[in-house]
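Biologist: I would like to go through the inside of this protein. Please take my questions one at a time.

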Amino acid sequence: MTWFIFNITLFSILFIYLASLKDGSGLVVLHRYLPRQKEAKSLYREVILLSSQILKGDKKIELTKYKFFTALIDTLIISYQKLGLNIHEFLPGLKRALINDMRFEKKIHSELLGGIFQMLVTQLMGAFFVFSLRYQVDIRIELSDLVLPIFIQLAGYIVFLVLFFKVKISRFEPVESYLKAFYSLNVYLTTRFPVNKINEKINFDSLCSSKDLQIYKIRAADFLAQIKNSGSLGEDDVEMTIEELWFLQEYRFESFLKHLAAIKLFVLIFFFLSSFMLVILKVMSSFSL
């Protein structure tokens, strides 16, 4: 078990180090891209209690920072305090959005843990096989013989994490940016934000223009033109667009699972099974002697 314990210790040290990195390092930053269930749940509880806080006349309301949701709610609170606008009709929609987001991130979190668990099981079975050879066949395996396999497997963990977050970002962040934009549009319309500054504030032009998202950029331009011409926009139009984007996020999750399966297969074969082959080759060479 020494091999297994040593390998897990190295991986734990690496994981804690990456999780402590700050933004701007140019590397994958775990604390930014890991699903943050704790912050999401805290914000959801705070939104539930928000109505009572407003009725009590609390001037300073501090909310947990989570994605774009906190900024939107802060905008609503400021509009209520300065303009006296009724924001209670909008809060249920944000609560539903938070629930959708928490469910989605929980699925991502489960896939991450599932991939790591598969590697740990493969590692444990390999370690059991190696030490069975040592004690049942009476083959001497030195610790120096295990150094290279250990670091190959450690590299496997690193590659898995990097590829996992790269695929996660590429598949889901573009849709999330559109969700942020259309939720913001809804908030700005609710809070009577100047129409001529909405596009400047949201900047729809900077959003991703991939094939399945291009239609939403066109729709955003149509919405802005309608606002300029009539000064208003049907609430149902924005709500329907948001529902479609949540559906697209789920659709992309299926593609994400296929990419993730290929990544896990590659890592298990190239890093974990190959490391065990090195040990077996060492054993076979001792037989030849």
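Biologist: In which helix is N186 found?

Modeller: This is a predicted model, where local features need pLDDT of at least 70, side-chain atom pairs count only at pLDDT 80 or more, and totals for chains, interfaces and linings use all residues. Residues are numbered from 1 along each chain as its sequence is written, and side-chain values use heavy atoms, with hydrogens and water left out. Helices are DSSP runs of H or I with at least four residues, numbered from the N terminus. N186 is found in helix α6.

Biologist: Does N186 count as buried or exposed?

Modeller: Buried means under 20% relative accessible area and exposed over 50%, with partly exposed in between (1.4 Å probe, protein chains only). Because its relative accessibility is 5%, N186 counts as buried.

Biologist: Which side chain does a polar contact join to that of N186?

Modeller: A polar contact is a pair of N or O atoms within 3.5 Å; within protein, one must be able to donate a hydrogen and the other to accept it, and residues adjacent in sequence count only if both atoms are side-chain atoms. At 3.0 Å, the partner of N186 is E239.

Key. Helices (H or I, at least four residues) and strands (E, at least two) are DSSP runs, numbered from the N terminus.
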